[in-house]
Amino acid sequence: MSASPITKRVQDDVPRYNDEVAVGEDLEFQRRWWKFENAVWILFGIIIVCDVLGVFGRGWLARAKATTRDHAVVLSYERMERAFTPAILDLEIGQNAIRNGQVTVYVSGSVVKELGAARISPQPMTSTIGSSGYTYVFPVTSSPGTIQIALSPPSAGLRHFRVQVAGSEPIDASVLVFP
Amino acid sequence: MAMFTIIRAVFGYLLLIFVLRISGRRPGKQLSPFDYVIVFYIGGITLTGIVGPEASLTNAFCQIMTVAMCHCCLAWLRARYAWASRVIDGTPLVLMSNGQWRTQSLSNMRLQDDDVMDSARSFGTRNLASIRMAVLEPVGEITIIPREERSK
């Protein structure tokens, strides 16, 4: 049995320029593409400006603060964060939050699981695991003092968390994590 | 999740194709230092986001297979549909014909008459007057069709 190659008749269907050279130019498509390109460059510019301003985290627009009514705690965080990128959650403890030289801070489990709390500074005296979160006790000598929680979100999405200092109202906040 | 590594690989591949397509064709048969910077720099930046913290061999293997599959799909689309070929590669563009520059094509492709002359020299053409037609190919090369010498 002969293995003959599969063939097809050559069709000279490439558009010609000036009825001479088969160039295959499609100027109409190219003009539409140039308009599209210009729109994309504008979009790239907008994205870069948004990035500089912090729309995607790590910038001015991303910074957020929340305070309890009694000013016992001021929570500083970023509304927008990026996955696998370090971020800091600051808890500024006021005089009202200090009880017997200690401050007791509760953070919801999402701070550890969804926002990837990697380190807490200073080290708490005690850490207690609860059903929905963690309770830390810190020694305090003077106020205001700051507790820092280093975050590194492991995945993208909208994350909700709660922080509460014993004797004060809770602060609920949300963070949008970009991939 | 393993699925996200695959999604990241697909996204990275398509993003690179798109950005390089938008960045425009650069004339020349070989990559210039200018092109090397773009290719390696964008590639390197993309790599950090695509691989992420998962530096395992399994992850690399699966992502390479994913990129190969994406590449095969795009090549099939190009071969099967003319519109896909136009979108992915672009079409040839006449830059000069019978002594007339196509100024819109030149400026939109960010090219100068010097770029055409560079290519003309490699075709053995000595000056712009000897060029009958200059065509920017989808791969970025400028093809020169010289004027036919009149028979004596």
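Hi everyone. Let me start with A:F84, which has 18 C-beta neighbours inside 10 Å and therefore counts as partly exposed, since burial would take 20 or more. Before I go on, please keep in mind that this is a predicted model.

So where does A:F84 sit? Its place is the loop of chain A between β5 (80–82) and β6 (87–93). The backbone there deserves a look, as phi of A:F84 is near 60°, a positive value in a residue that is not glycine.

A:N100 has a positive phi too, of about 55°, and again this is not a glycine. You will find A:N100 in the loop that runs between β6 and β7 (102–108) of chain A. Is A:N100 buried or exposed? With 7 other C-beta atoms within 10 Å, A:N100 is exposed.

Staying with chain A, have a look at the peptide bond between A:S121 and A:P122: this one is cis, with omega about 0°. A:P122 belongs to the loop between β8 (117–121) and β9 (126–129) of chain A.

Now to the two chains together. On the chain B side, 14 residues are in contact with 13 residues of chain A. Which strands of chain B supply at least two residues each to that side? They are β1 (93–97) and β3 (131–136). Of the elements, β1(B) gives the most, with 3 residues. As for the classes, the side of chain B that touches chain A has 8 nonpolar residues, 5 polar ones and 1 charged.

Conventions. Residues numbered from 1 in each chain as written. Chains lettered and ligands numbered in written order. Predicted model: local features only at pLDDT ≥ 70, side-chain atom pairs only at ≥ 80, totals over all residues. Contact = placed C-beta atoms within 7 Å. Helix = DSSP H or I, 4+ residues; strand = E, 2+ residues; numbered from the N terminus. Nonpolar A, V, L, I, M, F, W, Y, C, P; charged D, E, K, R; others polar. Buried ≥ 20, exposed ≤ 12 C-beta atoms within 10 Å, placed from the backbone.
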